[in-house]
Amino acid sequence: MQSLAMIENWPVPTAAAAVVTSDGTLLGTHGPTAHRFPLASVTKPLAAYAALVAYEEGAVELDEPAGPEGSTVRHLLAHTSGLAFDEHRVTAPAGTRRLYSNAGFEVLGDHIAKATEIPFPEYVRQAVLEPLGMTSTALEGSPAKDGVSTVDDLVRFAAEVQAPRFLDPRTVLEAQTVVHPGLKGVLPGYGHQNPNDWGLGFEIRDSKSPHWTGLSSSPATFGHFGQSGTFLWIDPTAGAACVALTDRAFGPWAAEVWTPFTDAVLAELGTSGR
């Protein structure tokens with residue numbers, strides 16, 4: 001795909017990108033796709049997928065208590081537990097606000113580790129990374145932000161999410177469906193959003209503006225971006241997913257180049273996404 005070559009003009013030391021369709025076809029790559037990059041918050045979808053495996057295995061229930069009073073596994077996955085961004089303190093009652101929380105994912109990891117009697121990084125490896133052949137990926141600390149991976153590996157993950165083999169498709173559909181609709185909140189880097197919609201570990205585009213995906217991205221688009229200059233989006237309307245990893249911290253440069261890049265990818269796919 002010619003559009004992927006746009007990453008050569010990004011103001012970053014290193015970048016790699018790829019597009020994979022819903023049937024698993026790799027449409028194109030650009031850059032060092034085997035290079036290992038810090039994922040930052042693109043770690044969260046991997047952690048969330050492991051949580052969904054734990055749910056399907058019967059180790060946890062989505063609506064069992066976890067985290068602060070009134071909070072559940074579902075609340076933690078959907079950033080509605082009431083926990084602060086990077087502190088283990090409660091700032092709102094569960095289910096009342098969309099408070100993006102690294103602390104919430106850390107509590108989630110601890111909860112699953114206790115339920116499975118397996119350290120969460122190891123559980124992620126056994127439940128997600130090993131089955132998908134993601135041999136260059138590792139969770140090296142916090143389930144909120146300490147993953148390391150490659151474009152090659154994340155293409156495998158994006159293909160799985162689009163056409164699940166290791167989870168019931170109904171579970172994955174629930175993960176990309178809005179949890180607690182209508183809640184306001186801040187989308188980090190993009191300001192207040194009303195509503196600020198999320199699924200189970202995946203951010204949902206809907207009508208958010210501004211946003212890190214494309215102007216032509218469908219409202220059904222879901223995924224995540226990271227403060228290390230990384231993103232993964234899946235657009236069900238376009239029938240494809242895109243991974244882009246860099247080694248420059250997120251900032252104004254990313255907001256300037258990511259949207260036209262995504263629009264160019266969608267245009268080359270032959271869809272406006274709407």
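This is a predicted model: local features need pLDDT of at least 70, side-chain atom pairs count only at pLDDT 80 or more; totals for chains, interfaces and linings use all residues.
**Entry 1: ring pairs**

I started with the aromatic rings and found that the structure holds 16 aromatic pairs.

Where do the two residues sit? Tyrosine 100 is in the loop between helix 2 (73-77) and helix 3 (102-116), and tryptophan 198 is in the loop between strand 7 (191-193) and strand 8 (203-204), so this pair ties together parts that are 98 residues apart in sequence. Tyrosine 100 has a relative accessible area of 11%, so I wrote it down as buried, because the cut-off for buried is under 20%. Tryptophan 198 is buried too, at 2%.

Then I took phenylalanine 231 and tryptophan 258. Their ring centres are 5.0 Å apart and their planes are at 75°, so I put the pair down as edge-to-face. Phenylalanine 231 belongs to strand 10 (residues 230-235) and tryptophan 258 to helix 7 (residues 252-269), so the pair ties together parts 27 residues apart in sequence. Phenylalanine 231 is buried, with a relative accessible area of 0%, and tryptophan 258 is buried with 0% as well.

I also followed the links from ring to ring.

One more ring before I moved on: lysine 44 lies over the face of phenylalanine 105, 5.9 Å from the ring centre.

**Entry 2: histidine 211**

I found histidine 211 in the loop between strand 8 and strand 9 (222-226). Buried or exposed? Its relative accessibility is 8%, so histidine 211 counts as buried. What does its side chain meet? There is a polar contact of 2.7 Å between the side chains of histidine 211 and glutamate 203. Leaving out residues up to four places away in sequence, I listed what histidine 211 touches: Leu187, Tyr190, Glu203, Arg205 and Thr259.

**Entry 3: strand 1**

Next I went to strand 1 (residues 15-21), where 7 of the 7 residues are buried. I remembered that side chains alternate between the two faces of the sheet in a regular strand. So which residues are on which side of strand 1? Ala15, Ala17, Val19 and Thr21 are on one side, with Ala16, Ala18 and Val20 on the other, and both faces are covered.

I looked up the neighbours too. Strand 1 pairs with strand 11 (residues 240-246) in the antiparallel sense over 7 bridges, and 4 bridges join strand 1 to strand 2 (residues 26-30), also antiparallel. Strands 1 and 2 form a hairpin with 4 residues between them, and glycine 24 in the turn has a positive phi of about 90°.

**Entry 4: helix 5**

Last stop was helix 5 (residues 151-162). Its 12 residues reach 16 Å from first C-alpha to last, close to the 16 Å expected at 1.5 Å a residue. How many of its residues are buried? I got 10 of the 12, so helix 5 is largely enclosed by the rest of the structure. The buried ones include Val151, Leu154, Phe157 and Val161, and also Asp153 and Glu160.

Conventions
Residues are numbered from 1 along each chain as its sequence is written. Side-chain values use heavy atoms; hydrogens and water are left out. Buried means under 20% relative accessible area, exposed over 50%, partly exposed in between (1.4 Å probe, protein chains only). Helices (H or I, at least four residues) and strands (E, at least two) are DSSP runs, numbered from the N terminus. Two strands pair if DSSP finds at least two bridges between them. The expected span of a helix is 1.5 Å times one less than its number of residues. Rings of Phe, Tyr and Trp (its six-membered ring) pair if their centres lie within 6.5 Å; planes under 30 degrees apart count as stacked, over 60 as edge-to-face and the rest as tilted. A charge sits over a ring if NZ of Lys or CZ of Arg is within 6 Å of the ring centre and within 35 degrees of the ring normal. A polar contact is a pair of N or O atoms within 3.5 Å; within protein, one must be able to donate a hydrogen and the other to accept it, and residues adjacent in sequence count only if both atoms are side-chain atoms. Contact means heavy atoms within 4.5 Å.
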